[in-house]
Amino acid sequence: MFTPQGYDASPSRAREAALWLLFALIWFGSLGYRGLIHADEGRYATISLFMLHSGDWITPRLNGLLYFEKPILQYWMGAISFAVFGVNEFAARFWPGLTGFLSVAAVSLTARRLWGVDAGRHAALAAGGMAWIVANSHFLSLDMGVSFFLTAALCGFLLAQREEASRAETRWAMWITWAAMAGAVLSKGLIGLLIPGATLVLYSLVNWQWAFWKRMHWLSGLALFFALTAPWFVLVSERNADFAHFFFIREHFERFLTTEHKRTGAPWYFVPYLILGLLPWTTLLPRIVKDAWADRAAGLRIGRLLLIWCLFIFAFFSKSSSKLPSYILPMFPALALMLAYSFSRMTPAQLKKHIVLPALLWLALLAAWPFAGRFANEDSPLEVIQPFAHFIAAGAAAFLIASVYAWRALGRGRMLAAVAALSFGSLIAVTLAASGHDSYGRLKGSKEIVKQIQPYLTPDSEIYSVRYYDQTFPYYVGRPVKLVDFVDEFEFGEGQEPQNWMPRLEQFTAAWRAAPKAVAMLTDNTFQELRKQGLPMKVIYQDPRRMVVAKP
């Protein structure tokens with residue numbers, strides 16, 4: 001059990017509610033500030049938007065082509081969000097924003113039930129200010145959604161298996177666990193079962209505890225799991241004969257075992273993301289690992305279970321032949337629970353030294369602000385770098401102010417106030433830095449492009465993407481664009497529906513000459529090649545990375 005070491009007076013309910021409201025305003029308020037960027041944001045927004053337009057809620061399509069790399073749940077949520085909030089960036093990012101917020105709430109409620117009110121507050125603050133949770137909650141990808149469902153499964157299991165839980169509480173909490181695993185499977189596939197299952201097996205082997213396997217409510221839990229997951233898998237398989245092989249074999253086993261997806265990395269690939277993503281709590285990592293492993297409870301050893309959860313996720317994705325930075329995101333809510341456990345066993349003086357490293361990192365970014373122009377180059381001009389640097393500097397200043405307050409609060413023995421200051425300082429700093437990325441993100445998205453070429457995008461215009469594809473282009477155009485001599489992740493869809501793309505450049509030139517109105521996105525190299533062939537083209541947009549031409 002917890003033995004609080006700080007001297008804070010418990011905040012009133014009104015003050016705590018006000019802090020949650022402030023947290024929500026900061027959290028959701030910035031979701032729509034930035035334009036969508038290539039590739040993930042454009043990809044998933046496009047699939048959801050065209051699902052809403054088509055009314056086909058079973059078969060996902062990317063830019064009009066069959067796309068079975070991931071399950072359906074996030075596309076449904078994105079389409080519903082567009083229907084409710086309109087077609088805008090806030091709606092596009094609402095699902096990862098919501099699931100990130102719910103992840104913070106889940107660890108808070110769980111810690112409160114397990115260890116007390118102060119633990120719940122510490123867990124919320126630990127998660128709400130954690131850089132990797134904040135960043136991924138404000139970026140459109142699948143990983144925050146699946147991380148939330150895995151977190152819900154973990155929290156449900158911890159609550160179900162605690163010693164003081166009644167039979168009814170165990171049953172309901174295990175049903176939440178099974179439903180959450182179904183949500184994880186519908187969000188990203190079989191890891192929704194693999195991560196919880198492997199964690200429990202490893203935990204049992206390490207601690208030689210097996211009793212909880214009898215309290216899993218297998219029959220009703222599996223019935224609930226399949227009732228939630230099976231309908232879509234059955235329907236999509238009935239409508240698309242090759243779905244099962246592509247989704248289960250290629251996108252699971254081949255992705256893990258082979259380098260086909262070209263997302264390789266060294267065994268230590270995720271180390272820097274763990275170090276930076278855990279900010280501002282990074283230097284506490286050895287402490288929380290030690291505290292978790294020291295859990296020798298007679299019943300469920302929660303600390304060890306959380307530690308094994310984190311270690312398995314880190315090791316599994318490090319071993320995988322396909323790596324992306326956000327794959328280890330499901331570790332971080334569990335780390336927040338471990339932090340909540342350790343905060344209660346820590347004196348204000350012990351926490352004080354852990355402010356130094358994150359403060360120095362943000363101070364270094366602030367010191368680099370006057371020299372931001374040195375990072376400019378042809379691909380990232382000064383007018384892009386400078387606004388980004390301004391936002392980063394503002395975020396750094398916010399965190400440094402919060403650090404000074406936290407330092408002073410710890411000097412007065414106010415542990416909870418210090419943790420709150422660091423959490424909100426980190427939340428504001430990361431949010432400002434992410435918002436500043438919009439100036440750079442314009443080079444990785446099509447929002448400004450489509451604004452400039454809008455007069456050429458009439459309903460009867462043919463729209464092409466030639467040997468190049470920006471995932472945000474069809475989203476901002478509002479309709480699919482025809483791909484020319486471009487494969488990448490469209491290999492399956494193009495193979496299934498060859499009539500919906502052009503594999504050869506000659507097909508495009510013939511179609512271009514025949515079309516009364518046409519627009520195409522391409523690179524300068526392709527433009528020069530086509531100009532040598534005498535193809536009539538008028539440049540209507542150009543930046544360092546791509547251009548758009550119209551038929552004169």
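What percentage of the 552 residues in the protein chain is buried? In this predicted model, buried residues make up 57% of the chain.

**Overall form**

The secondary structure of the protein chain consists of 24 helices and 8 strands. The chain has a radius of gyration of 25 Å, close to the 24 Å that the globule rule gives for 552 residues, so the chain is as compact as a globular protein of that length. The table lists the extent of the chain together with its surface.

| Property of the protein chain | Value |
|---|---|
| Span of the C-alpha trace along the principal axes | about 80 × 60 × 45 Å |
| Radius of gyration | 25 Å |
| Accessible surface | about 23400 Å² |

Carbon and sulfur atoms contribute 64% of the accessible surface.

**Contacts and charge**

The side chains include 51 positive and 37 negative ones. The centres of these two sets lie 9 Å apart.

**Arg 250**

One residue may be considered individually. Arg 250 belongs to helix α11, which covers residues 243-257. Its relative accessibility is 16%, and because buried means under 20%, Arg 250 counts as buried.

Note on methods. Residues numbered from 1 in each chain as written. Predicted model: local features only at pLDDT ≥ 70, side-chain atom pairs only at ≥ 80, totals over all residues. Heavy atoms only, no water. Helix = DSSP H or I, 4+ residues; strand = E, 2+ residues; numbered from the N terminus. Rg over C-alpha atoms; globule rule 2.2 N^0.38 Å. Buried < 20%, exposed > 50% of the residue type's maximum accessible area, 1.4 Å probe, protein only. Areas by Shrake-Rupley, 256 points an atom, 1.4 Å probe, with all protein chains shown as cover. Lys, Arg positive; Asp, Glu negative; His and termini not counted. Charge placed at Lys NZ, Arg CZ, Asp CG, Glu CD.
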